[in-house]
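Subject: Structure handover

Hello,

Here is the structure for you to look through. My notes follow below it.

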Amino acid sequence: MSLSTAEDDSATEIHLPADIDWEMLDKSKFFFLGAALFSGVSGTLYPIVVLKTRQQVMLNDCPCFKMAASIFRNEGWRGFYRGFGTSLMGTIPARALYMGALEVTKSSVGNVASRQLGLSEASASAIANAAAGLSASMAAQLVWTPIDVVSQRLMVQGGVGDGSSCTVGLKKYNGGIDAFRKIVRADGVRGLYRGFGISILTYAPSNAVWWASYSMAHRGIWGCIGCYVCKKSENGNGYRPDGKSVMAVQAVSAAMASGASALLTMPLDTIKTRLQVLDGGGGEGRTPTVVQTVRSLVKEGGLGACYRGLGPRWASMSMSATTMITTYEFLKRLSTKNQESFAL
């Protein structure tokens, strides 16, 4: 990829590392290394997800730091990793589906948009990234929704003793396998896909917006400050960034894209979490509907209740996106069939 801050002045052109598409990857290395790298990322960020989930299902609002202190005091550090084993088991196949769908769609749509439709590089990149994020999210949810249902139920177990945990509509489970069996026994396979529709409505648009925003932010940052953080090429024809500059711009672009996505989809995420976690909210032991869940939230705390856990979710999305994109780009460089061609 190359950017130019002045179309008629090649001396200010910024030469970024070439994009690595699906055909250039060693697939076995890509999926194996990806599973290892992203498992580590998931483990690092998991405590924030636990905080976010507990805030979303509690009856009364509780400050994030107060909840974290209470969890640590009453449950120890293990309280921040409830359901992590189940989540990790689902992360590997879900990530594999996500990465595969992402790269295949990005390459296919990018080629069509640039070569057949004749769109500019910037427009083709934004469209390809949006389509890739949409398809990748939908593919991953086929695996991730059942894992999400089980792991989130385990996350909210073990009240923290200060009223910050929801005390109604919850069942007790002895690990992920026990939770899986009880959910299937009570609701059938459909119980594992509770909230699947709203998960698609939450994550698919969010991923599309995120990847499109990331593409535009990434390009915009290089266009604005590229000349100040790049070294001039030896032949004097443009600028070439070093590895640290590339990673820094990727991280900032990811954080910028996460802010809008988190704010836009927070109410849907709260509704989804409650549908997947709480039982008996629909009366007579029936599963609550989306409308009943929304009414319950508004009754508890007005529209603000839909944004409970926004702080942890925003932080989680920003940190996850930052680590994800830098790890992902690093993973692609490690997995190229001819790595010398893509060295920074």
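First, a definition: helices (H or I, at least four residues) and strands (E, at least two) are DSSP runs, numbered from the N terminus. This is a predicted model: local features need pLDDT of at least 70, side-chain atom pairs count only at pLDDT 80 or more, and totals for chains, interfaces and linings use all residues. Residues are numbered from 1 along each chain as its sequence is written, and side-chain values use heavy atoms, leaving out hydrogens and water.

Start at the loop between α3 and α4. Leu-119 sits there. Leu-119 counts as partly exposed because its relative accessibility is 32% (buried is under 20%, exposed over 50%, partly exposed in between, with a 1.4 Å probe and protein chains only).

Next, the core. What is the size of the largest nonpolar core, in residues? It has 23 residues. Such a core is a set of buried Ala, Val, Leu, Ile, Met, Phe, Trp, Tyr and Cys residues joined through side-chain atoms within 4.5 Å. Among those with the most contacts inside it are Trp-210, Trp-211 and Tyr-214. Elements giving two or more residues to this core include α1 (27-57), α7 (196-229) and α10 (310-335). The largest share, five residues, comes from α10.

Tyr-214 also touches Gln-250, Ser-253, Ala-254, Ala-257 and Ile-325, not counting residues up to four places away in sequence. Contact means heavy atoms within 4.5 Å.

Last, the record. An unreviewed UniProt entry places "transmembrane region" at residues 30-51, 191-212 and 247-266; such annotations may be inferred rather than shown by experiment. Residues 30-51 are 100% helix, with end C-alpha atoms 31 Å apart. Residues 247-266 are 100% helix too. Their end C-alpha atoms are 28 Å apart.

Best wishes
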